[in-house]
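I opened the model to look up how its parts are put together. My notes follow in the order of looking.

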Amino acid sequence: MPVDMPLARFEELVAEALDEVPPQFAAAMDNVVVLVEEFNQEEPDILGLYHGIALTERNSDYGGVLPDRISIYRQPLLAMCDSEAEVVEEVLITVVHEIAHHFGIDDARLHELGWG
């Protein structure tokens with residue numbers, strides 16, 4: 001049975017997950033915003049999505065662009081969990097996973113590292 005959690009509490013969990021990012025990585029994040037959304041309309045079951053140009057792919061032409069976005073999808077995360085403790089864990093994994101994409105780390109490597 002999915003976890004029933006108010007939006008405000010879910011947003012707190014995302015903020016707490018962001019606070020877990022080591023300071024050197026948080027400082028290196030550039031031109032990116034993290035948003036909570038209910039779900040992805042094209043792929044309603046995904047947990048998160050990085051929209052942007054990874055730091056490893058930016059070159060001297062990069063500039064004057066809107067911030068990259070990391071979307072964390074509330075409904076699929078709540079649907080896959082049976083307790084708030086599971087939501088906390090899955091939100092952290094999803095936030096770290098999407099931030100890693102900002103740094104140019106692909107899904108295969110994330111799975112190898114246990115953040116798949």
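I began with arginine 9. Its relative accessibility is 23%, so I logged arginine 9 as partly exposed. My scale calls a residue buried under 20% relative accessible area, exposed over 50%, and partly exposed in between, with a 1.4 Å probe and protein chains only.

Before going on, I noted the ground rules. The model is predicted: local features need pLDDT of at least 70, side-chain atom pairs count only at pLDDT 80 or more, and totals for chains, interfaces and linings use all residues. Residues are numbered from 1 along each chain as its sequence is written, and side-chain values use heavy atoms, with hydrogens and water left out.

**Salt bridges**

I searched the whole structure and found seven salt bridges. The test is a side-chain nitrogen of Lys or Arg within 4 Å of a carboxyl oxygen of Asp or Glu. Arginine 9 meets glutamate 12 at 3.1 Å, N to O. The two sit three residues apart in helix H1, so about one helical turn separates them. Glutamate 12 is partly exposed, because its relative accessibility is 42%. Arginine 9 also bridges to glutamate 16, with the closest N and O atoms 3.7 Å apart. Glutamate 16 comes out at 38%, so it too is partly exposed.

Next I checked arginine 74. Its salt bridge goes to glutamate 38, and the closest N and O atoms are 2.9 Å apart. Arginine 74 is buried at 14%, whereas glutamate 38 is partly exposed at 28%. Shared partners join Arg9, Glu12, Glu16 and Glu84 into one salt-bridge network.

**Sheet**

I took helices (H or I, at least four residues) and strands (E, at least two) as DSSP runs, numbered from the N terminus. Two strands pair if DSSP finds at least two bridges between them. The three strands form an open sheet in the order E1-E3-E2, with mixed pairing. Strands E1 (32-37) and E2 (48-51) are the edges, each pairing on one side only. E1 and E3 (residues 68-73) run parallel and are joined by six bridges. Valine 33 has arginine 69 in E3 as its bridge partner. Helix H1 (residues 7-19) packs on the sheet and touches E1 and E3. Contact here means heavy atoms within 4.5 Å.

Buried residues of H4 include Val87, Val91, Val95 and Ile99. The buried residues of H4 pack against H1, E1, E2, E3, H3 (74-80) and helix H5 (107-113). Glycine 104 follows H4, with a positive phi near 90 degrees.

The largest nonpolar core has 19 residues, and Met5, Phe10 and Ile72 are among those with the most contacts inside it. Such a core is a set of buried Ala, Val, Leu, Ile, Met, Phe, Trp, Tyr and Cys residues joined through side-chain atoms within 4.5 Å. H1, E3, H3 and H4 are the elements giving two or more residues to this core. Last, I listed the contacts of valine 87: Val3, Met5, Phe10, Leu13, Leu78 and Cys81, not counting residues up to four places away in sequence.

Methods
Axes fitted to C-alpha atoms, helices over the stretch in contact; angles between N-to-C directions.
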